[in-house]
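Please open the structure in your viewer and keep the sequence panel beside it. The tour below says what to select at each stop and what is found there.

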Amino acid sequence: MNAPILEARGITHAFGSLVVTDAVTLELAPGERHGLIGPNGAGKTTLFNIIAGEIVPDAGSVHLNGVDVTRHAPDRRARLGLARSFQRNNLFTDLTVRENLAIATAIAHRVAHVAWSAFGRHREIHDSAEARAVELGLEDVLDTVTRHLSYGTQRQLEIALALALEPRILLLDEPTAGMSPEETAAMRATIATLPSSLTLLVIEHDMEVLFGLADRITVLDYGKVLLQGAPQEVRDSDLVRNRYLGTQ
Ligand SMILES: Nc1ncnc2c1ncn2[C@@H]1O[C@H](COP(=O)(O)OP(=O)(O)OP(=O)(O)O)[C@@H](O)[C@H]1O
Ligand SMILES: [Mg+2]
């Protein structure tokens, strides 16, 4: 495969005596759509937190585009093109959609201040954040206070905010969790329209959604990699079926 854009190698982490990530290795090629599945408590979100820099692992390394970021804070990783969404909403719910976008844009601008200020791109970046929100179907709610949005629309907004950073890698933690079938369909459509150059790592319990979007899937179980392979291999695996899919 091409040189990986995201490489997590031998990641091990314990909370107290509970080992939640156990020698996990994950490599994503540029533009790859990679799914991460596993039972509740398997360590999926913890692995995201380690990749994003919110948790420094006990052992192992994280490389972004060949740069060792294992000890870099989240904002330094963001500057290298990493963005994420959260399992639960992470919005300013008293502000409008437009205001949330402005804040995300301002943060993105500050994050990349040196590079972007040189090109005087502030206005352009702001406009492109709004344009992306429009692409995600948020044009009619730009002036709506976020807490008045439906849950599904709030989650669409989260994606728009993550994209304000103009990331090269996007981590999505259960983007369709708690959604109605219509909201799930809208989110699937959103994910399908993300640029093919964007590398995606997606935690998803909805197998139909995941099999529809992933090039490769990693199955975690008790913090360990149970299987890594194409969607069909995962679907055909007795091990995965017994341990995970059977419980769906
Ligand atoms: N900050 C923490 N302190 C202590 N234990 C934690 C912490 N964060 C997570 N855990 C524990 O680590 C294990 C893995 O949690 P994690 O959230 O990574 O699982 P998950 O695979 O994302 O599960 P889910 O599908 O329910 O979201 C769980 O047993 C959880 O209780
Ligand atoms: Mg989780």
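Begin by selecting strand β1 (residues 6–15) together with β2, to which β1 is joined by seven bridges, the two running antiparallel. Helices here are DSSP runs of H or I with at least four residues, strands are runs of E with at least two, and both are numbered from the N terminus; two strands are said to pair if DSSP finds at least two bridges between them. Before going further, note that this is a predicted model, in which local features need pLDDT of at least 70 and side-chain atom pairs count only at pLDDT 80 or more, while totals for chains, interfaces and linings use all residues. Residues are numbered from 1 along each chain as its sequence is written, chains are lettered from A and ligands numbered from 1 in the order in which they are written, and side-chain values use heavy atoms, with hydrogens and water left out.

**The sheet around β1**

Staying with this pair, select Leu6, whose bridge partner in β2 is Leu28, and then Ile11, which stands opposite Val24 in β2. At the turn, the two strands form a hairpin with two residues between them, and Gly16 in that turn has a positive phi of about 60°.

Now show the whole sheet, which is open and made of four strands in the order β2-β1-β4-β5, with antiparallel pairing. Its edge strands are β2 (18–28) and β5 (67–68), each of which pairs on one side only.

**Charged pairs**

A search of the whole structure finds eleven salt bridges, a salt bridge being a side-chain nitrogen of Lys or Arg within 4 Å of a carboxyl oxygen of Asp or Glu. Select Asp22 and Lys224, whose side chains meet in one of these (2.9 Å, N to O). Asp22 lies in strand β2 and Lys224 in strand β10 (residues 224–229), so the pair ties together parts that are 202 residues apart in sequence.

Which residue forms a salt bridge with Glu32? Select Arg216, and the closest N and O atoms of this pair will be found 3.0 Å apart. Arg216 lies in strand β9 (residues 216–221) and Glu32 in the loop between β2 and β3 (33–37), so parts that are 184 residues apart in sequence are tied together here. Arg216 is partly exposed at 25% relative accessibility, whereas Glu32 is buried at 7%; buried means under 20% relative accessible area, exposed over 50%, and partly exposed in between, computed with a 1.4 Å probe on protein chains only.

For a further stop, select Glu7, Arg9 and Glu27, which are linked in a network of salt bridges.

**The nonpolar cores**

A nonpolar core is a set of buried Ala, Val, Leu, Ile, Met, Phe, Trp, Tyr and Cys residues joined through side-chain atoms within 4.5 Å. Select Leu101, Leu157, Leu170 and Leu200, which touch the most other members among the 30 residues of the largest core. At least two residues of this core come from each of α3, α5, α6, β7 (169–173), α7 (181–192), β8 (199–203) and α8, and α6 gives the most, with six residues. A second, separate core of 24 residues includes Ile5, Phe48, Leu171 and Leu201.

**Two buried residues**

Select Thr146, in the loop between α5 (122–135) and α6 (151–163), where this residue counts as buried at 0% relative accessibility. Leaving out residues up to four places away in sequence, its contacts (heavy atoms within 4.5 Å) include Leu91, Phe92, Asn100 and Leu157.

Finish at Phe211 in helix α8 (residues 207–213), which is buried, with a relative accessible area of 15%. Beyond its neighbours within four places in sequence, Phe211 is in contact with Ile217, Pro231, Val234 and Arg235.
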